[in-house]
Amino acid sequence: MRSAAVLTVVLLLLVAPAGAEPERLYVTNLGGNTLSVIDGRTLKVTRTLAAGQDPHFAVATPDGRRLFVTMAGADQVWVFDTASDKVLAKIPLGLRPTHLAMAPDGKFVYASLETSQEVGVINTLTQRVEARIPTGPEPHITSVSRDGKVVFVGGAESHQIFVIDPAARRLTDRIRVGFLPHLAVFSPDGRRAWASSTGSNALSVIDLATRAAVGTIDLGVNSHGMAVSPDGSTLYVASEVGNTVLVVDTAQARTVARIPVGKMPHTLTLSRDGAYAYTADMEGGAVSVISTARRAVVATIPVGKAPSSVAVVER
């Protein structure tokens, strides 16, 4: 009996995929005031949760136990328990909070407030707003460096990236980049960053030591949502106009593949191991699932109206 059990375990290990699928995906349906819950293995919608008005962006804590969601029309951030999908808290934040970024240690979440031109700092343990940091015109998507020491905010109207010191909780710099930057993402080694441009076909390359743009990468289409592979070798860029995800070799600073996805991919998220990418196809009403190894869409999952973000829950 014991030898048979050992043989069974060995066979299971041999057939198991190299990169395990995420446990669950949460999709904010901006136009439907709902969240779609997707099983990460079957890639099927298992539940639809009622949300507040205009659920815009979702992000999970690193342990996957809680989900923070901006309810832009309700001026709140809601906190969900991912085990039960019940709402734990509704945090008043200010007019129309839109995007969120989680600190690597999971202690704080940073929310952009475009109307008041601020970034709100939420303590994830107490579920209270600890600070509101003034930025500049139209702070859009927030991002946090891998070491948690720098927060970037896309300043679309000013064509700048706002730089925040999260320890001091103040704006420390502004980096001039391309036209209408909505997001900047960090390289894992903390040496570079890339800023998207919804108003042009070029990504801006940022040197983090000098806090300056040092080059561009011509994509041929505009860019919005982005994510970097865990090893920093590849940048995945969603183009809303091109209905495409571009695969950029960061060392060569050029596009090496184009992956057709659904209509208007608004945001893009990677699984923790980088094996899968997920786009929220806002006008397509679906999530596109990309195998990064195959550089191809392996599933299209219909969700609610105007999906705007995908949060990946992994334990």
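## Chat about a predicted model

Biologist: Where is Asp85 found?
Modeller: Asp85 is in the loop that runs between β6 and β7. Keep in mind that this is a predicted model.

Biologist: Is Asp85 buried or exposed?
Modeller: Buried. Its relative accessible area is 10%, and the cut-off for buried is under 20%.

Biologist: What about the phi of Asp85?
Modeller: Asp85 has a positive phi of about 65°. Note that Asp85 is not a glycine.

Biologist: Now Ala253. What is its phi near?
Modeller: The phi of Ala253 is near 55°. That is a positive value, again in a residue other than glycine.

Biologist: And where is Ala253 found?
Modeller: In the loop between β22 (244-249) and β23 (254-260). With 37% relative accessibility, Ala253 counts as partly exposed.

Biologist: Back to β7. Which residues does strand β7 cover?
Modeller: Strand β7 covers residues 86-92, and Pro92 lies in it.

Biologist: Is Pro92 buried or exposed?
Modeller: Exposed. Pro92 has 62% relative accessibility, and exposed means over 50%.

Biologist: Which residues is Pro92 in contact with, leaving aside neighbours within four places in sequence?
Modeller: Asp75, Gln76 and Val129. Val77 is also worth a look. Pro92 and Val77 are 15 residues apart in sequence, and their C-alpha atoms are 6.7 Å apart in space.

Biologist: Which open sheet includes β7, and in what order do its strands come?
Modeller: The sheet has four strands, in the order β4-β5-β6-β7. Their pairing is antiparallel.

Biologist: What holds paired strands together in general?
Modeller: Strands of a sheet pair through backbone hydrogen bonds.

Biologist: How many bridges join β5 to β6?
Modeller: Six. Strand β5 is residues 66-71, strand β6 is residues 76-81, and the two run antiparallel.

Biologist: New topic. How many aromatic pairs are there?
Modeller: The count comes to two aromatic pairs. One of them is Trp78 with Phe80. Their ring centres are 6.2 Å apart, with 40° between the planes, and the pair is tilted.

Biologist: Are Trp78 and Phe80 buried or exposed?
Modeller: Trp78 is buried, with a relative accessible area of 9%. Phe80 is buried too, at 1% relative accessibility.

Biologist: Why does the pair of Phe152 and Phe186 count as stacked?
Modeller: The ring centres of Phe152 and Phe186 are 4.4 Å apart and the planes are at 20°, so the pair is stacked. The stacked label needs planes under 30 degrees apart.

Biologist: Which parts of the chain does this pair link?
Modeller: Distant parts. Phe152 is in strand β13 (residues 151-155) and Phe186 is in strand β16 (residues 184-186). They are 34 residues apart. Phe152 is buried at 0% relative accessible area, and Phe186 is buried at 4%.

Biologist: Which residue stands opposite Phe152?
Modeller: Ser143. As for the strands, four bridges join β12 to β13, and these run antiparallel.

Biologist: How many residues of β12 are buried?
Modeller: Six of its six. Strand β12 is residues 139-144.

Biologist: What lies between the strands in the hairpin of β12 and β13?
Modeller: Six residues. In this hairpin, Gly148 takes a positive phi near 75°.

Biologist: And what sits over the ring of Phe108?
Modeller: The charged end of Arg169, at 5.0 Å from the ring centre.

Biologist: Zoom out. How many helices and strands does the protein have?
Modeller: One helix and 28 strands.

Biologist: How does its radius of gyration fit a compact globule?
Modeller: It agrees. A compact globule of 315 residues would have a radius of gyration near 20 Å, and the protein has 19 Å. The C-alpha trace spans about 65 × 45 × 35 Å along its principal axes.

Biologist: What share of the 315 residues is buried?
Modeller: Buried residues make up 56%.

Methods. Residues numbered from 1 in each chain as written. Predicted model: local features only at pLDDT ≥ 70, side-chain atom pairs only at ≥ 80, totals over all residues. Heavy atoms only, no water. Buried < 20%, exposed > 50% of the residue type's maximum accessible area, 1.4 Å probe, protein only. Contact = heavy atoms within 4.5 Å. Phe/Tyr/Trp six-rings, centres within 6.5 Å; stacked < 30°, edge-to-face > 60°. Lys NZ or Arg CZ within 6 Å of the ring centre and 35° of its normal. Pairing = 2+ DSSP bridges. Rg over C-alpha atoms; globule rule 2.2 N^0.38 Å.
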